[in-house]
Amino acid sequence: MTDLQFQNDLEKLIAILPEKVRKYITYESLQDVIEIVLDIGRVPEIRHSSGKIEYLGKNEVTDEDISFITQRVQEFTSDNRSGIPGTLHRISAIRNRQGKIIGLTCRIGRVVTGTIACIKDFCMQNKSILFLGRPGVGKTTKLREISRLVADELGKRVVIVDTSNEIAGDGDVPHPAVGHARRMQVRQPEFQKDIMIEAVENHTPEVIVVDEIGTEAEAQAARTIAERGVMLIATAHGNTLENLIKNPTLSDLVGGIQSVTLGDDEAKRRASQKTVLEREKQPTFDIVIEILDRNTLAVYKDTAEAVDYILRGWPIRPEIRKVDQTYDHHEPTISEEIHKLEQKIPDSSESLKFSFNRKDYTESVKAFKKIYLYAVSRSIVEKVIERLDLNAEITRSIEDADIVIAHKNFAKGGAKVLNTANDYRLQIFYVKTNSMAQIQKVLKEALDVPESNETLRGYYDDAERALDEAKAAINKILAGAEHVELQPQNHQIRKLQHELVEQHNLESQSVGEGDQRHLRIVGGRDMQDKSA
């Protein structure tokens with residue numbers, strides 16, 4: 001929508017306001033305003049997107065002011081909503097016990113383009129998509145833009161089931177913001193489920209767009225639409241996928257849940273109770289997108305898998321996408337990545353090509369992690385990653401992270417950081433101390449080092465034992481021993497032991513030859529002799 005169109009829409013809204021309100025309002029002053037609120041006996045106010053509330057003058061709203069507005073808009077429906085023909089603005093009423101209107105909320109409707117650029121690839125996959133999020137984060141705005149995208153750019157037959165005319169605006173002619181998508185109006189909210197089915201049966205759509213699925217009957221209608229092969233784009237009541245699973249009215253949208261009793265062997269294999277919750281059927285929606293805020297989306301690309309993980313208590317993290325960032329719409333397959341890697345190998349290295357392990361590469365691609373640290377030694381984590389050749393890196397931005405490693409003693413001071421991690425569905429792992437052994441242990445758990453990896457697992461075990469031995473030796477030195485010699489270790493583990501000794505301001509040296517090379521920690525008289 002052009003700036004001129006938006007200005008014209010605002011002029012239509014300003015025109016229905018009483019003079020005592022209108023004189024304080026200009027086109028420029030409404031650029032970031034969400035709604036105008038008028039309650040009898042109170043000063044009118046406007047609410048900005050930033051949360052700021054601005055009061056308009058000092059005169060209180062009267063019955064005459066409310067009547068002035070209601071006489072200039074269409075009749076309110078059973079859900080106490082009305083609108084202004086040709087605009088996206090919504091007028092909602094508050095009534096007293098006798099049914100008299102005593103307050104109005106004039107919500108400003110605007111088209112914000114570019115809000116779905118970061119998820120355009122999902123919108124073009126012909127899969128059903130469900131949006132979740134708290135009120136005011138832009139769910140309807142995204143439905144409006146997707147309707148235009150699919151109808152105009154992809155040339156599909158789109159029908160909008162428009163309850164309260166929120167998506168395509170009031171009046172008989174749909175707002176230009178929805179492009180060539182058709183619109184079916186819903187006379188009363190309770191008839192939404194019937195119009196959804198009618199749209200499929202009468203108008204042969206390829207895509208149906210619905211705002212606010214909120215009842216069990218509407219959830220059943222959505223399933224009927226999806227099972228007929230029609231792409232469904234909708235929003236539902238609920239902030240997160242986990243909330244939706246726990247909602248008995250709407251859980252059918254993501255497959256529903258049922259209680260299942262496992263056999264003894266299966267319960268033991270899963271390490272769970274005998275009675276567990278499982279997904280009942282295939283989800284209505286293939287993709288679920290949580291709108292965390294106006295600029296951040298969390299995408300579950302496989303709803304069935306995500307629900308199964310959540311029900312079993314397994315960790316799962318959605319893909320985080322930012323509205324102001326661009327994404328490659330084609331994700332290379334592992335086969336393509338392997339081909340690229342093989343192309344980099346010189347032709348003379350045929351033996352190297354032959355020895356390339358496709359399975360190992362596949363696992364390494366999937367396992368790569370970005371780690372955000374809170375009160376944990378960055379240098380030690382970097383050394384562990386480098387020396388153990390772990391498929392991970394440290395990131396300074398929590399938004400880019402896959403996991404968080406935090407120091408347990410500083411958890412209270414980092415409440416804001418850890419709350420942000422929870423908002424982004426990040427796994428949080430805690431270390432008790434900033435020691436090499438402790439950080440190695442937590443990294444092993446965080447990166448899910450396969451038990452079948454005997455070499456790496458053995459290295460971890462050997463390193464932990466060797467560091468425990470070094471700690472015991474350090475305690476002996478601090479207690480007065482002149483020197484302590486440790487068991488022979490390989491070069492990498494000896495380095496870890498040297499660093500541990502340095503942290504205690506002691507000295508160590510490698511002695512011996514070949515397989516017998518080991519650390520000698522010195523202290524007491526040895527250190528005095530050396531300094532002399």
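Reader: To begin, how many salt bridges does a search of the whole structure find?

Author: The search finds 28 salt bridges. Please keep in mind that this is a predicted model.

Reader: Understood. Which side chain meets Arg 22 in a salt bridge?

Author: Glu 19 does, with an N to O distance of 3.5 Å. Both belong to helix α2, residues 19-22, and because they are 3 residues apart there, about one helical turn separates them.

Reader: Arg 22 itself, buried or exposed, or in between?

Author: Arg 22 is partly exposed, its relative accessible area being 28%.

Reader: And what about Arg 90: with which residue does it form a salt bridge?

Author: Arg 90 pairs with Glu 166, and their closest N and O atoms are 2.7 Å apart. This pair links distant parts of the chain, 76 residues apart: Arg 90 is in strand β5, whereas Glu 166 is in the loop between β8 (158-163) and β9 (182-186).

Reader: Why does Glu 166 count as buried?

Author: Glu 166 counts as buried because its relative accessibility is 12%, and the cut-off for buried is under 20%. Arg 90 is likewise buried, with a relative accessible area of 16%.

Reader: What about Asp 252 and Arg 223? How do their side chains meet?

Author: They meet in a salt bridge, at 2.9 Å from N to O. Asp 252 lies in the loop between α8 (241-246) and β12 (257-261), and Arg 223 lies in helix α7, residues 216-227; the two are 29 residues apart, and the pair links distant parts of the chain. Both Asp 252 and Arg 223 are buried.

Reader: Which residues of α7 are buried, then?

Author: In α7 the buried residues are Glu 218, Ala 219, Ala 221, Ala 222, Arg 223 and Ile 225.

Reader: Against what do they pack?

Author: The buried residues of α7 pack against helix α6 (192-203) and against β10 (207-213) and β11 (231-236). Just after α7 comes Gly 229, with a positive phi of about 85°.

Reader: Changing topic: which residues are linked in a network of salt bridges?

Author: Glu 35, Glu 45, Arg 47 and Arg 107 are linked in such a network.

Reader: Where is Arg 107 found, and what is it in contact with?

Author: Arg 107 is found in strand β6, residues 101-107. Leaving aside neighbours within four places in sequence, Arg 107 is in contact with Ile 34, Glu 35, His 89, Arg 90 and Gly 136. Arg 107 counts as partly exposed, at 24% relative accessibility.

Reader: What does Ile 371 touch?

Author: Not counting residues up to four places away in sequence, Ile 371 touches Ile 385, Ala 392, Glu 393, Ile 394, Thr 395, Ile 403, Ile 405 and Leu 443.

Reader: Turning to the surface, which residues form a nonpolar patch?

Author: Ile 40, Ile 94 and Ile 102 form one, with about 200 Å² of accessible area together. Ile 94 is in strand β5, residues 90-95, and counts as partly exposed at 43% relative accessibility.

Reader: Finally, how many helices and strands has the protein chain?

Author: The protein chain has 19 helices and 23 strands. Of its 532 residues, 44% count as buried.

Note on methods:
Residues numbered from 1 in each chain as written. Predicted model: local features only at pLDDT ≥ 70, side-chain atom pairs only at ≥ 80, totals over all residues. Heavy atoms only, no water. Patch = residues over 30% accessible without salt bridge, like charges linked within 9 Å, V, L, I, M, F, W, Y side chains within 5 Å. Areas by Shrake-Rupley, 256 points an atom, 1.4 Å probe, with all protein chains shown as cover. Salt bridge = Lys/Arg side-chain N within 4 Å of Asp/Glu carboxyl O. Helix = DSSP H or I, 4+ residues; strand = E, 2+ residues; numbered from the N terminus. Buried < 20%, exposed > 50% of the residue type's maximum accessible area, 1.4 Å probe, protein only. Contact = heavy atoms within 4.5 Å.
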